[in-house]
Amino acid sequence: MQLFPCPFCGPRDEAEFHYGGEAGNLRPDGREVPAERWADYLHMRANPKGATKEIWVHMTCGEFFALARDTVTHKVAGSVSLGEAERQP
Amino acid sequence: MSARRLSSGGSEIDRSKPVSFSFDGRRVEGFDGDTIASALLASGRRIVGRSFKYHRPRGIWGAGVEEPNALVDIERDGRSTPNARATTELARDSLVARSVNAAPDAERDRNAFLDRFSRFIPAAFYYKTFMWPDWHLFEPRIRAMAGLGTVDPDWMQDRSADQLNHHCDVLVVGAGPAGLAAAASAAAAGHSVLVVDDQSRPGGSLRHRAGEIDGRPGAQWVADTVAALEKAGVVLLSNTTAFGIYDHNLAALNQRHDDGRPDTLWRVRPKRIVLATGAIERPLPFANNDLPGILSADAALHYLKRHAVLAGERIVVAANNDSAYEVAASMAEAGAEVTLVDIRPAASASADKARVLGGRAVATAHGRNGVEGVTLDNGTRLTADCVLVSGGWTPSVHLYSQAKGKLAWRDDLAAFVPGSELDGIGTAGALAGEVALSRVLESGVAGLGQFAGKAAPPKSTGLEASLNTSAAWPKPKAKGRVWIDYQNDVTAKDVELAARENFVSVEHLKRYTTLGMATDQGKTSNLNGLALLAEATGRSIPNVGTTTYRPPFTPVPFTSLIGAKRKSLLAPVRRLPLDTVHRVQGASFREYGGWLRPAYYGAATSGSAAAIQDEARRARQSVALFDGSTLGKIEVIGPCAAEFVDFIYYNTMSTLKPGRCRYGFMLSENGVVFDDGILVRLDENRFVVSCSSSHVASVHARLEEWRQDRFGRDAVYIHNATAEYATLTVSGPNAKTLVEALGLGAALDDASLPHMAIAHGRFGGEEVRIARVSFTGDRSYEVSIRADRAEALWARMQQEGRALEAVTIGLEALMILRAEKGFIVIGKDTDGATMPQDLGVDGPRRKRVTEFVGRRSLFTEEGMRADRKQLVGLSVAEGEAPLGTGAHGIERTGGAKRSLGYVTSSYFSPTLGRPIALGLIEAGASRHGEVIDIQHLGMLRRATITAPCALDPAGDRLNG
């Protein structure tokens with residue numbers, strides 16, 4: 001069982017979290033978005049082997065945040081809340 | 001003659017406390033401190049079980065968790081445990097043990113004849129033979145003849161197991177010399193320490209092997225160290241197995257209790273783990289090496305020193321390493337006649353009174369129901385009632401490997417040892433390949449890393465500095481039957497067969513032969529098996545590699561893993577605030593989306609179907625009362641609330657006036673209808689999302705996600721108030737009369753409170769919110785009140801309803817009422833492809849200019865298809881029964897049938913006096929009036945496509 005650092009609650013058991021998607025999958029707005037681009041947004045994922053950045057939600061406090069971790073070693077590099085992630089370039 | 005109890009000695013038995021238990025129906029006498037195995041040995045029992053496949057007689061092999069043969073089904077104080085290891089279960093007075101896979105018992109097993117057919121049933125025999133016509137024809141008889149222990153189907157654990165979460169600085173696994181040295185050092189440095197050991201007492205090998213530490217005998221050092229650890233506040237758990245290491249070094253422990261409690265599961269989050277899990281002795285490959293009376297040499301020493309049981313009178317010790325010399329000497333000292341057969345030419349140590357034959361190996365063991373002698377590789381025959389075997393030591397790398405450690409091959413040990421550093425995990429002692437006691441103690445302290453104390457490790461003398469192990473692997477084409485895996489009955493020939501049939505990956509070997517797949521997970525057999533595979537395929541052992549080590553190290557009862565999550569706590573139902581009130585009213589409950597809700601009332605007199613019909617009919621006549629408390633009530637508050645709900649909903653919501661309600665859909669980003677419901681605008685910046693009862697959690701999560709991702713936490717605040725309010729619904733032609741009688745102090749005339757508007761009032765001292773929304777198609781009022789004050793309001797409604805002949809209805813009747821109106825239930829009348837235009841709500845799609853969730857997907861090729869499945873009503877000819885829910889509308893092209901869609905809801909409408917149905921049918925919206933075939937469970941019927949709404953299409957009843 002992994003320990004994930006919730007930016008609000010600190011390190012907690014992975015069972016308390018839900019996966020929210022790959023970080024950086026920005027939503028294209030508008031009905032004129034090309035089908036290809038919309039399909040990418042909906043379905044296409046990088047699924048990297050190694051370092052990755054993901055959105056997770058801590059179900060007990062409701063915080064959505066970006067989590068940097070490694071899909072091979074399961075090492076967690078850190079996390080920032082969604083608001084923080086935007087403020088940081 | 002065989003094993004016997006000596007008249008003195010035995011460090012762990014208390015001769016003043018005799019113990020007697022039953023094994024296979026006979027009494028076995030022993031002493032307090034005996035295991036079932038040691039007591040059976042002491043009483044001269046040789047055959048303690050039958051093997052999995054061939055029903056070979058089997059005796060005790062080991063003395064710990066590695067035991068492959070001596071499995072017993074145990075009953076004690078009404079508890080039943082299948083496949084317990086006799087070597088780890090303590091002998092107790094009330095205990096009843098039975099051998100496994102034997103009938104009537106291990107000594108007189110009636111399936112023993114199977115062994116004579118063994119040459120015809122090698123590995124994979126079943127796969128190859130019982131293919132035709134059908135494996136299931138043969139399966140019951142084969143399952144009855146093969147297998148291990150028996151589960152008692154009637155027994156049920158009556159108590160929940162405890163589960164503990166534990167945090168400490170250092171977790172030490174194994175309380176042998178390495179583990180205890182580590183614990184002492186960490187404790188001295190001021191760290192919190194937890195030590196676990198799977199035996200009944202700490203000490204490990206020091207409890208039966210010679211050795212001096214800090215000038216004291218090993219056993220004395222153990223006692224002193226344990227006392228000091230306890231004084232320092234170290235938690236020491238015996239009878240506790242660390243069975244798994246999971247991600248981020250979570251260690252899982254299973255603690256066994258002797259007092260009838262179910263096992264306790266520990267989840268431990270240490271900063272540092274020291275693995276001092278020791279090593280397990282391997283068998284040697286000779287023919288008939290599975291006969292009763294053939295034991296691990298170390299186990300025999302264990303029984304001699306701890307339980308004063310001498311394993312035999314004329315003992316042959318077969319060895320390929322130095323560790324057996326102490327065993328041979330001790331057996332001779334205890335009075336046995338001992339011959340040590342060492343495969344190494346120059347025997348490297350002396351064994352006192354034992355005779356040593358160097359450069360020789362045992363080729364075959366003889367005997368029918370137990371070993372009677374051996375023949376050496378030079379043809380010499382030796383008489384023996386016991387053969388003690390040491391085929392080298394296999395470090396218990398299981399936990400290390402689970403933690404993703406990489407193994408390294410050590411030729412001098414003929415074994416794999418930990419080969420890479422792991423974050424936060426140290427390895428020590430025999431696990432790390434250490435043999436000399438002084439090195440074992442040092443490695444324990446070194447395994448602590450930065451958690452080690454400053455003091456030097458304890459000093460020691462004694463125990464051999466090296467084992468000088470000379471590999472003695474099974475060889476291909478050996479004569480006779482050489483057992484590799486005792487528990488799953490895998491022989492060397494089976495491994496060779498697998499190699500011949502090209503199962504050359506060690507993972508394939510395992511699955512084809514079942515090598516290492518029994519309850520012991522191959523603790524004694526795996527290395528011999530893969531060494532033979534290496535030989536047979538011309539590869540080196542490290543080249544062949546090992547199978548993947550997975551938890552658990554030893555079997556863990558499900559009770560322990562489940563903990564309190566059983567029976568009603570497995571998936572607890574949610575109850576209405578008025579749960580008990582409904583019970584008093586005679587409600588029958590069903591579970592709907594996690595909620596326990598009244599399905600109908602008063603079925604006791606008329607039966608459920610009649611009760612539901614009666615409720616649905618009477619609801620249209622005067623007035624119905626319904627508990628709708630489970631409806632979602634999620635508040636959306638803040639300066640951007642209107643912009644937020646516009647984005648969340650398919651329908652434009654920002655144009656809603658305060659005090660008004662609007663029905664709308666929420667879509668997923670795929671454009672699929674995710675939920676429907678009423679949005680209430682309380683004031684400019686405050687909305688209440690009234691979502692489906694079963695969708696509250698997921699809608700709430702979705703709102704939070706978009707709020708945090710797109711709107712920011714300063715602009716919108718979301719609060720799930722669902723459980724804070726009870727919502728009591730009054731519906732029907734006389735609904736207004738009843739609500740007026742409640743005296744809520746709100747203006748209820750249609751001008752002040754029209755359909756789709758809200759009003760505020762008071763009931764007693766409590767504020768109530770009255771929403772004029774309708775799921776029945778009749779004039780309806782939903783009255784929301786603080787959940788803990790709802791009972792009085794409900795009672796008052798019932799009281800005022802009497803004069804109006806009000807009916808209290810359950811959810812089943814409501815389902816009929818809403819279907820009469822063509823109102824949908826998401827997930828029932830829609831599926832994973834239904835878009836809003838399929839439900840006849842196309843306006844927002846065409847007209848909206850602002851962005852909303854799922855918008856782009858409505859314009860994809862899929863979203864634009866003309867043959868999309870659309871919501872329709874389906875009617876049948878007069879006098880016919882309702883259509884089956886799930887029945888398919890079909891069309892024929894040529895000879896082939898094709899589904900047009902299916903029936904989603906179907907009921908008999910008591911008000912209309914005929915069946916009604918809703919369905920999703922291809923291009924259904926443009927096919928009203930068409931008659932189609934409906935197929936259900938092989939029956940064909942006809943139905944006419946209609947508009948979804950079957951009752952009051954003009955909506956007059958809303959204001960009636």
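Predicted model: local features only at pLDDT ≥ 70, side-chain atom pairs only at ≥ 80, totals over all residues.
Which residues make the contact? From H4(B) come B:Pro177, B:Ala178, B:Ala181, B:Ala182 and B:Ser185. Facing them from H9(B) are B:Leu437, B:Val440, B:Leu441, B:Gly444 and B:Val445. Sorted by class, the contact of H4(B) with H9(B) has eight nonpolar residues, two polar ones and no charged ones.

## Spaces inside

Now let's look at the empty space. Rolling a probe the size of a water molecule over the atoms shows where such space is left. Here the count comes to seven cavities of 30 Å³ or more. The second largest cavity has a volume of about 250 Å³.

## What lines the second largest cavity

The lining of the second largest cavity is made of 22 residues. Those nearest its centre are B:Gly522, B:Asn526, B:Leu527, B:Leu530 and B:Tyr549. Three elements of chain B give two or more residues to this lining: strand E27 (393–395), helix H11 (506–513) and helix H12 (526–536).

How many of the lining residues are nonpolar, polar and charged? The lining of the second largest cavity divides into 11 nonpolar, nine polar and two charged residues.

Technical notes. Residues numbered from 1 in each chain as written. Chains lettered and ligands numbered in written order. Heavy atoms only, no water. Contact = heavy atoms within 4.5 Å. Helix = DSSP H or I, 4+ residues; strand = E, 2+ residues; numbered from the N terminus. Nonpolar A, V, L, I, M, F, W, Y, C, P; charged D, E, K, R; others polar. 1 Å grid on protein atoms, 1.4 Å probe; cavity = no way out; pocket = protein on both sides within 12 Å on 5 of 7 lines; lining within 4 Å. Points joined across faces, edges and corners; volume = space filled by probe spheres on them.
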